[in-house]
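Biologist: Before we look at any detail, could you show me how to read enclosed spaces and charged pairs in a model of this kind?

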Amino acid sequence: MTKDKKFYLTTSIFYVNASPHLGHALELIQADTIARYNRLIGKDVFFLTGTDENAQKNVISAKKENISPLKFISRNAQKFKKLAKVLDISNSYFIRTTDKKIHWPGVQKLWQECQKNGDIYKKQYEGLYCVGCEAFLTKKDLVSGKCPLHQREPEKVREENYFFRLSKYKEKIKNIIQKDKVKIIPESKKNEILNILNSELEDLSISRPSERLEGIGILVPNDNSQKIYVWFDALANYISAIGYGNNSKKYKKYWPADLHLIGKDILKFHAIYWLAFLLSAKIELPRAILVHSFIKVEGQKMSKSLGNIVDPFELVQKYGKDAVRYYFLRESSPFEDVDFTFEKFEKRYNADLALGLGNLVNRIISLAQREKVKTKKGSKESLVFLKKSLKIYHQKMKEFKLNEALIEIWNLISYTDKYIEKTRPWEKNKDQKQKISNLLFLLSEISNILKPFLPETSKKIDFQVKTLNKEIVFQKI
């Protein structure tokens with residue numbers, strides 16, 4: 001298999017210090033749509049997601065509940081696995097960073113390769129540490145003395161850690177990003193990283209005292225007093241999950257990643273730290289990083305204190321997985337924050353799914369069943385419109401403009417609705433069966449390009465069309 005026939009896609013891996021929220025659902029849905037599309041066009045897709053478990057915040061959260069870190073982590077990791085299942089996510093593998101068999105060998109090998117290249121050293125350090133970010137911050141990172149993301153003052157920490165020579169790779173990474181050797185999408189996020197690289201870049205602390213990560217964490221090779229920094233550990237999941245340090249055949253087949261899909265708050269870790277680690281270890285770089293934005297609820301960031309947390313499990317239970325998938329894919333551009341309200345959700349659901357797609361399917365299937373018509377090739381006019389529509393659809397998908405690709409599908413649905421009104425296929429005449437056959441053809445094409453977005457709905461449509469072609473009675477969807 002040639003490299004252009006495979007597609008390796010990753011999400012970020014999710015912290016398990018709390019239950020999944022709508023932001024996690026958004027990233028999973030977007031990634032799954034991209035993965036399913038690449039399968040649709042014939043690529044061998046490996047789609048990775050998982051959980052980031054060796055974090056200090058997990059130890060802190062476990063202590064608050066008076067349970068062991070591993071018990072706490074395992075319980076919450078299962079919630080993320082369940083979220084993937086209820087959203088119909090087609091991931092190839094679910095990586096957990098407490099996995100000693102799959103993940104740990106890859107992390108330790110990456111460390112040793114960076115060390116071999118002279119890029120890891122040990123020193124005393126004093127700095128401002130944000131537990132929420134799991135990172136040291138500088139004063140220029142703060143807003144009014146607080147971490148801008150977590151809205152709290154970082155703690156002052158003095159300790160001896162291992163450091164990575166991040167500053168050594170500053171110019172090289174800058175050149176790579178400027179020339180799109182690793183493409184950052186959208187362009188605004190590429191400029192954001194270049195601005196960071198235009199300022200001073202300090203070496204990075206990549207270990208923590210072992211006692212800080214009691215019960216979890218990967219030991220630094222040949223030094224039990226230190227454990228590997230969570231971000232060095234977590235980023236390595238992208239190579240460990242496909243066999244780096246363990247299964248060279250699988251690793252060679254799928255690496256480099258064709259796309260890392262991440263949230264905008266962790267761009268620096270992926271576009272600077274990750275690239276530097278890979279350069280140091282002489283590992284090929286990923287091809288692209290797609291940066292999505294956040295979900296707001298009624299214009300505000302989700303927050304327990306505001307009481308506006310929306311449970312994705314409850315949303316799916318009430319409306320169904322495809323309705324949830326549709327809202328977040330249609331209502332949002334991957335590059336802009338999306339605002340969620342139940343009013344918007346129900347309006348979009350009723351207009352586009354229940355009265356739009358659902359009504360169209362039932363009209364066509366009922367006509368075809370009554371007149372005993374099977375699917376044949378579409379009319380010349382329909383084929384011309386379809387060809388133009390598919391060209392736009394595929395272009396939008398390649399640009400990761402998922403919402404615009406969905407709009408094009410609904411343009412095709414609208415065309416089919418208009419065709420019904422124009423040709424009046426319920427009227428008995430010599431062209432009636434040909435008209436209905438053309439409608440079945442269009443419906444099959446709509447179902448096919450809907451597969452990445454609404455897999456369950458697409459399966460139901462396909463089943464009805466195939467069942468009809470066998471002249472078997474079926475139920476409405």
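Biologist: How much space lies in the largest cavity?

Modeller: Please keep in mind that this is a predicted model. The general idea is that a cavity is a place where a probe fits but cannot get out. In this structure the search finds two cavities of 30 Å³ or more, and the largest of them holds about 50 Å³ of space.

Biologist: Which residues line the largest cavity, and how many of them are nonpolar, polar or charged?

Modeller: The lining consists of Asn-54, Ala-55, Gln-56, Tyr-129, Glu-134, Arg-208, Arg-212, Leu-213, Tyr-229 and Val-230. Sorted by class, the lining has five nonpolar, two polar and three charged residues.

Biologist: What volume does the second largest cavity have, and which residues line that one?

Modeller: Its volume is about 30 Å³, and the residues that line it are Gln-30, Ile-34, Leu-261, Leu-290, His-292, Pro-334, Phe-400 and Leu-402. Helix H1 (22-40) and strand S14 (288-292) are the elements that each give two or more residues to this lining. By class there are six nonpolar and two polar residues, with no charged residues.

Biologist: Turning to charged pairs, how many salt bridges does a search of the whole structure find?

Modeller: The search finds 31 salt bridges. One of them pairs Arg-212, which also belongs to the lining of the largest cavity, with Glu-159 at 2.4 Å from N to O. Arg-212 lies in the loop between strand S10 (207-209) and strand S11 (219-220), while Glu-159 lies in strand S7 (residues 155-164), so the pair ties together parts that are 53 residues apart in sequence.

Biologist: Are the two partners, Arg-212 and Glu-159, buried or exposed?

Modeller: The general idea is that a residue counts as buried when its relative accessible area is under 20%. Arg-212 is buried because its value is 17%, and Glu-159 is buried because its value is 9%.

Biologist: Which residue forms a salt bridge with Asp-32, and why does that pair tie together separate parts of the sequence?

Modeller: Asp-32 pairs with Arg-325, the closest N and O atoms being 2.8 Å apart. Because Asp-32 lies in helix H1 and Arg-325 in helix H12 (residues 321-330), the pair ties together parts that are 293 residues apart in sequence. Both Asp-32 and Arg-325 are buried.

Biologist: What about Asp-462 and Lys-451?

Modeller: These two form a salt bridge in which the closest N and O atoms are 2.9 Å apart. Asp-462 counts as buried at 19% relative accessibility, whereas Lys-451 counts as partly exposed at 28%. Elsewhere, salt bridges that share partners join Asp-32, Arg-36, Asp-88 and Arg-325 into one network.

Terms used
Residues numbered from 1 in each chain as written. Predicted model: local features only at pLDDT ≥ 70, side-chain atom pairs only at ≥ 80, totals over all residues. Heavy atoms only, no water. 1 Å grid on protein atoms, 1.4 Å probe; cavity = no way out; pocket = protein on both sides within 12 Å on 5 of 7 lines; lining within 4 Å. Points joined across faces, edges and corners; volume = space filled by probe spheres on them. Nonpolar A, V, L, I, M, F, W, Y, C, P; charged D, E, K, R; others polar. Helix = DSSP H or I, 4+ residues; strand = E, 2+ residues; numbered from the N terminus. Salt bridge = Lys/Arg side-chain N within 4 Å of Asp/Glu carboxyl O. Buried < 20%, exposed > 50% of the residue type's maximum accessible area, 1.4 Å probe, protein only.
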